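Here is a guided walk through one structure. Keep the sequence and the 3D view at hand.

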Amino acid sequence: MVKWINKAGTFLREKIGTSLGFVILAALLLELLSFVQFYHTRSLLRDELQKRMEKELSVKAGVIRSSLASAEMTMQEHLWDMQVHLSQPDSMFSVTRRLIAANPEIVGGCMAFLPDYYPQKGRFFEPYASKENGVIRVQQLGGQEHDYTEHPAFREAMQTGQPGWSDPYLYGTDSVSHLTTYSYPLRDGEDKIAAVCGLDLDLSWLRDTLNANLGYPSSFGLLMTRSGETVIGSDGEKPGIRIISALVSGRPAPGQCLMTRFRDPQTRRKGSVYYTSLSEAPYWQVALVSYDREVFEPIVRMWRLSRLLILCGLLILFFIINRYVRSARRLQQARIEQARIGSELGIARSIQMEMLPKPLAERPDLDIHGFLVPAREVGGDLYDFFLQDGKLFFCIGDVSGKGVPSAMVMSKIQSLFRRISAHVSDPARIVQVLNEEACRGNERNMFITFFAGVLNLSSGHLQYCNAGHDRPFLLRGKTEKLQARPHLPLGVFPDTPYGVQEVELSGPATLFLYTDGVTEAMNPRRELFTDGRLAAVLEGLGDGLAAREMAETVSDAVRNFVGDADPSDDLTLLVIRYIPQEGAEILRDSIDLDNDVRQVSALNHFIRSVASRMGMAEKPARNLQLAVEEIVVNVMHYANPPGETGRVHVEATSDGRMVRITVSDEGVAFDPTAVAEVDITRSAEDRPVGGLGVHLARHLADSIHYERVGEQNVLTLTKMIHKNDRI
Amino acid sequence: MKITVQETDRQILAKLVGEFDTAAAQEMEKAMQPLYACEGRDIVMDCSQLEYIASSGLRVLLGILKNAKSCGSKVVLKDVNDVIRDVLELTGFVSLFEFA
């Protein structure tokens, strides 16, 4: 059972919802409240009714009684008149006439003499007067055909010797008028009964009197005899008369008012009967009947109306709550969705941040620091840098727009930059390939301002290409902008020509690259940070600051300027400090070789002797040997066509910290460093034959740099001599 | 560089001595011929006295390995020194050969 109730509860909660449950509970409470109110009002009304009925009962009983009393008074007043004229039988007619004339409610009167009281008048003598339309007629009624001695009223008066009222009876042709007769035994001088005087009292007013002032259309009054017989008020139509008579008969003590509930078995109507009896003889009973339906009809109607209103109110409430709950649920769902997107954006942000280059291993000639803060979770700015063959490849870019679309383009450009620059060291060529890729399927017309540079760390030779990006600052003694032709940004036209520009950095120099998030940073007054402010901050930087400190100084300046304003764009900085290392040369030696790999043994011998003179241990010496052999063998293979002889000049110099090997030849232009990286994860069967040598050289030397100088290919390879590389 | 080959029914043992540079790689082609006739026998290369190897030397080893694999033989490099092991790692050759 409990299980079922629980099940029903769960069902209601799930299918109909808590809001409906709440409304149902409220409905039950309000219903209970309205019922209590109804019940209370009903008992108040019943008390009120009882009081009114008691009052009406006593009024009606009093009216009846006073009507009877006036007839009794009339009789008393004429007793003397009758007794005085007893000796004159003929005057009895005028006595009767006077008797009924005295009281307008009396419609008839008679004097029924004892048989043979007046011998001359025969055995039965009964003078009788009656009113008809205000005219009094007198006649003698007694006779053989009218033996009044058999009349119950006559006999009762004779027996008791006391006056008395008959039960009301119907009279006349219409059978609706009731009369009651007051019988009075008239005594002569010897105190013997001479005649029984009767007065007929008209009760036709009684019906109206009984029904007056009851207040309800179905309510009615009743007059009953002591035996419970209904005489007035009963017209046979009123339902339940018999029941009421049975209930009431003989019950009340005179003057008391009682109440009994009843239910009509035919109409099933419930009601109350209030009754009392006359305080004196003839002790008739007066009863007033009311039906609950009529009495309580107004409050029942009110109750129904109030329930209807409550129901309407609750329905409206239900709809309001339901709408509220629904919108709250929607809001919650939106919040969950937002949180999900937020967490995905957070992940996207960390992925984007992971794409940025890691700090390089510390080295004396280069200090580089990048800094990127997206305006939103993810941004369209990018920077990258990496070392390859003794060259620093770097770039900075800004994808138009902000947020996710820009971030996706940004990540595409960044990974392409890495892939292309693995085998292209000309920044203009890199930018050109990037532009072709950016134009491909660029339906949204997104463009990218981009700056790419390649810095030869051993020579200080900087090559760069600018695709519509803000020109970087070059700090060397003074603060100035790098001279850079503004080409079109990436993604505009696929065939845009990009040209390379060059600058020699002969001494220490700092390249400061930035995106417009710096110069267009906006303060709360909507002023821009501008190039001027940036230049001022850069000029104020002290000498010898690390790249990180420089970047932080600038970003702090921008942050202070922006203050409480929202960041308007991604903010990106890239600081490259180049410090060329020049030391005193302590070794210079060279060897000339024929263009023949069999001379490699001589080369190896030469390199081993250089390494040994520099005090290098076995392992770094072998690594240097391998790197040089691979490069030289490569040159021997490719610089001269088969069959042609050529010379290869190998020169070694050292300042004690590093060894620089320069390989020069006069063959056709050939850059071994442009060979793509080999895939060293392939299986034996899939391995290509070539490429391994350059791969090894790249990884074993600290830098490899190719230049075509005049008619010569010049390859410069450097190898640092670290402390633990020495014997 | 020198190479000595000892053949038994079950394996071919080749002892490499000296520097396996580009010049050596060219010269050794003939001396290496017995290693191409493995016929299901495993090839064990004793590298305990091999001091140095260049990419051309690696290419010779790769040729031997491809041939050995095609006839179901294994190639085992024995007692490789640190310098050579670094080169093998840099080129990904460590995953191709077996070591003992």
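A residue is called buried if 20 or more other C-beta atoms lie within 10 Å of its own, and exposed if 12 or fewer do. By that rule, buried residues make up 41% of the 100 residues in chain B. Bear in mind that this is a predicted model.

Stay with chain B for a moment. Its secondary structure comes to four helices and five strands. Along the sequence, these elements follow the pattern β-β-α-α-β-α-β-α-β. Now take the contacts in chain B between residues at least 6 apart in sequence. Of these, 73% join residues at least 24 apart.

B:D79 has a positive phi, near 55°, and is a residue other than glycine. Look for B:D79 in the loop between strand 4 (75-78) and helix 4 of chain B. Is B:D79 buried or exposed? B:D79 has 12 C-beta neighbours inside 10 Å, so it counts as exposed.

Next, see where the two chains meet. On one side are 21 residues of chain B, in contact with 24 residues of chain A. Three elements of chain B give two or more residues each to the side that touches chain A: helix 1 (22-27), helix 3 (55-70) and helix 4 (82-90). Which of them gives the largest share? Helix 3 of chain B does, with seven residues. By class, the side of chain B that touches chain A has 10 nonpolar, five polar and six charged residues.

Move over to chain A and start with its helices. Two packed helices are described by the angle between their axes and the distance between the axes. Helix 2 (residues 18-84) of chain A packs with helix 7 (residues 292-355) of chain A at an angle of about 165°. Their axes are 10 Å apart. An angle over 145 degrees counts as roughly antiparallel, so that is how helix 2 of chain A runs relative to helix 7 of chain A. The crossing of these two helices is right-handed. The residues of the contact between helix 2 and helix 7 of chain A divide into 19 nonpolar, five polar and three charged.

The crossing of helix 13 and helix 14 of chain A is right-handed. Which residues meet here? From helix 13 of chain A come A:V600, A:L603, A:N604, A:I607, A:R608 and A:A611. They meet A:A621, A:L624, A:Q625, A:V628, A:E629, A:V632 and A:V633 in helix 14 of chain A. By class, the residues of this contact are nine nonpolar, two polar and two charged.

Now for the strands. Strands of a sheet pair through backbone hydrogen bonds, either parallel or antiparallel. Chain A has an open sheet of five strands in the order 13-22-21-18-19, with antiparallel pairing. Strand 13 (366-373) and strand 19 (478-481) of chain A are the edge strands, and each pairs on one side only. From one strand to the next, the twist averages 15°.

Strand 13 of chain A pairs with strand 22 (residues 571-578) of chain A in the antiparallel sense, over eight bridges. Within that pair, A:I368 stands opposite A:I576. A:H369 stands opposite A:V575. Helix 12 (residues 547-562) of chain A lies across strand 13 and strand 22 of chain A. Helix 12 runs at about 150° to strand 22 of chain A. How many residues of strand 13 of chain A are buried? Six of the eight are, so strand 13 is largely enclosed by the rest of the structure.

Another strand pair of chain A forms a hairpin. Strand 26 (residues 703-709) and strand 27 (residues 712-720) of chain A run antiparallel and are joined by seven bridges. A:I704 stands opposite A:L717 in strand 27 of chain A. Two residues lie between the strands, and A:G710 in the turn has a positive phi of about 65°.

Finish with a loop of chain A. A:R526 has a positive phi of about 60° although it is not a glycine. A:R526 sits in the loop between helix 10 (516-519) and helix 11 (530-539) of chain A. With 8 C-beta neighbours inside 10 Å, A:R526 counts as exposed.

How values were computed. Residues are numbered from 1 along each chain as its sequence is written. Chains are lettered from A and ligands numbered from 1 in the order in which they are written. This is a predicted model: local features need pLDDT of at least 70, side-chain atom pairs count only at pLDDT 80 or more; totals for chains, interfaces and linings use all residues. Two strands pair if DSSP finds at least two bridges between them. Axes are lines fitted to C-alpha atoms, for helices over the stretch in contact, and angles run from 0 to 180 degrees between N-to-C directions. Two residues are in contact if their C-beta atoms, placed from the backbone, lie within 7 Å. Angles under 35 degrees count as roughly parallel, over 145 as roughly antiparallel, 65 to 115 as roughly perpendicular and the rest as oblique. A crossing is left-handed if the near helix is turned anticlockwise from the far one by less than a right angle, and right-handed if clockwise. Ala, Val, Leu, Ile, Met, Phe, Trp, Tyr, Cys and Pro count as nonpolar, Asp, Glu, Lys and Arg as charged, and the others, Gly among them, as polar.
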